[in-house]
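Please keep the sequence and the structure in view while reading.

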Amino acid sequence: METQPQPQFQIDLGNLMAFDPHHSFPSQPSSREELVKECLKKGTELVQAIADNLFNLPSTEDVDGPLVKLPPPTTRLPREKPLPKPKPPTKWELFAKAKGIKRRKKDKIVYDEQTGTWKRRYGYDRANDEDKVPIIDAKVTDEPGEDPFAKKRADKKKKIENQEKNRLQNLKQAAKVGALPSHVQLAATALPITGSQAVPRKVTKEELGNVAGMAATSTASGGKFDKKLPGEKPAKHKGKYRKFLPVVEGKGTGSQEREQTEKVLNKLFSKNSHEMLNVNKAVNMYNVKKEKKWKNREGKSSPSSSKLKPKKTLKKKPSSKGSSKKGKAK
Amino acid sequence: MLKVKTPKTGKARRELEKRAPKLVETRKKTLILHGTKTSGMLNSVLTQIYHLKKEMAVRFSRKNEDVRPFESGGEASLEFFSQKTDCSMFVFGSHSKKRPNNLVIGRTYDHHIYDLVEVGVENLKPLESFSYDKKLAPKAGSKPFIAFIGEGFDSVEELKHLKEVLLDLFRGEVVENLNLAGVDRAYVFTAVSSNRVFFTHCALRLKKSGTIVPRMELVEVGPSLDFVVRRHRLPNEGLRKEAMKTAKDKAKKKEKNVSKDVIEGKIGKVYIPDQKVGETALPNKAKGVKRERREAKLRHGEAKEHASKKQKEYSE
């Protein structure tokens, strides 16, 4: 843009910049002050040129001063971020476009038939609220024994879930193109194990706390001398899994070793015996039952010495099956 | 399994929206930092640049050892800082025997290095050494006038690049409306030789002239220094093309309250606000306000004074 015929400056009003491409210093200026003076002089010329153009722009009066509308800058400078990509249309938008469905403006206040007043469209105490119907008529297709209110609630929940799924799908589509809205980030929470659909189970806090203890048992000393971090809880099971009998038996304890061996032998025999009926056990059970009965009877009838009462002979249960041998181990 | 992460607070959401890419970009933030060793002169240069760009700059005060903009590995830290602070320009100062008082001015595109210019700083005259009338001091954040003088800026490639970078650094926010009463500073860059640029910052004094356009007077206020161009790196062609892309058409603003009818043509809706019956001015003025009444009162008052004066004279 020319301002005066002789010097021509390139003026970019949008940036308030002026450039003089024709000026050159003929020789090295003698001193710094001269240089500065020369620069200031030329600078003033350029700034004056910008101001000439600037103040001649149509201005509007404002409270603080005259306001001018600057033209857009002419020098092209690089952007700092890539251009935003347009959002891909969502599933509903595609459907609406295909069907020709247009958006209709909705009123905030709607007439409620039930009460006959004007209520808000959504929110607390809304008009035509579907959850508030007291009676639902049964239809021919309804099964008896089905709760329609519960069904309604379940349907609503399903709808919400479906909506959430669709929203996630739309966001995924946008992310594929690279046009996610700025405040949304999609993050993978847990990836399924390759080859299966199973998502790995989340480890609980307690389990994680025990992991260190479990790893410590693989050390040579069982994790006893490992350095503990501050705040680390002591290992859970310190202990003994086996109890060994004392080498020297004390007085009055009886033969623990004998008991131990007896137990083992009994187990072995009972496992390997082919008797269906354990006669000793049956006899003992019978005796116990009888004694209980006697005690009850004695309590009810007159207290007389037990000695006078005829002792009933013990009747053995007939051992129909198996051998009549009594197997007593000694 | 994907999870949607959205910010929980409104503040976080607004911050993210500020950092999102926009169709039309208006401002670039600058990151000012320094390397392992700096000199006193360099420190003052960095602080003064920070003061000049107060709102739109971030200054790191610690030294950063592994920042070497011109080497291939040393850019990673810069890119990380640019990402975290959302700054697309940086000014990195360092001082060494080989390159004393070194300043690297760089720009980033999409948080990756776009281009770099390395200059040395000489003959610094700091802010404090200038004495001027304090009333002229330019206000912070005002849009500056920028002047480039010298054919070197057109012919020498390094100076061309430097001109572009300096313009980007100093131009401030791109605005549509400018208040003419608020223009008060100017930056003057002069190409003294093929590798030296003299920079000074001046306040503007607008003097009355015969026409609407005031007469401009420059008064040196700010730092003045010499830039000696050392190295530079231009962006690759592909990257440059991508960065220079502009949005072709702006989304047209919807004209409100205007609709087209087939029969009647263009129809506009006019909304009239409610009449405030109690606050309107009455057409008949109140009795006491009428001019004739006021004047009559005045005349009556004078006559009374005369009468009282006369009485006094009489009494005396």
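A residue counts as buried under 20% relative accessible area, as exposed over 50%, and as partly exposed in between, with a 1.4 Å probe and protein chains only. By that criterion, buried residues make up 15% of the 330 residues in chain A. The model is predicted, so local features need pLDDT of at least 70 and side-chain atom pairs pLDDT 80 or more, while totals for chains, interfaces and linings use all residues. Residues are numbered from 1 along each chain as its sequence is written, chains are lettered from A and ligands numbered from 1 in the order in which they are written, and side-chain values use heavy atoms, with hydrogens and water left out.

Chain A contains 6 helices and 7 strands; these are DSSP runs, helices being H or I of at least four residues and strands E of at least two, numbered from the N terminus. Its order along the sequence is β-β-α-β-β-α-β-β-α-β-α-α-α.

Pairing here requires at least two DSSP bridges between two strands.

Within chain B, strands β2 (residues 30–34) and β4 (residues 89–94) run parallel and are joined by 5 bridges. One residue of the pairing is B:H34, whose bridge partner in β4(B) is B:G93.
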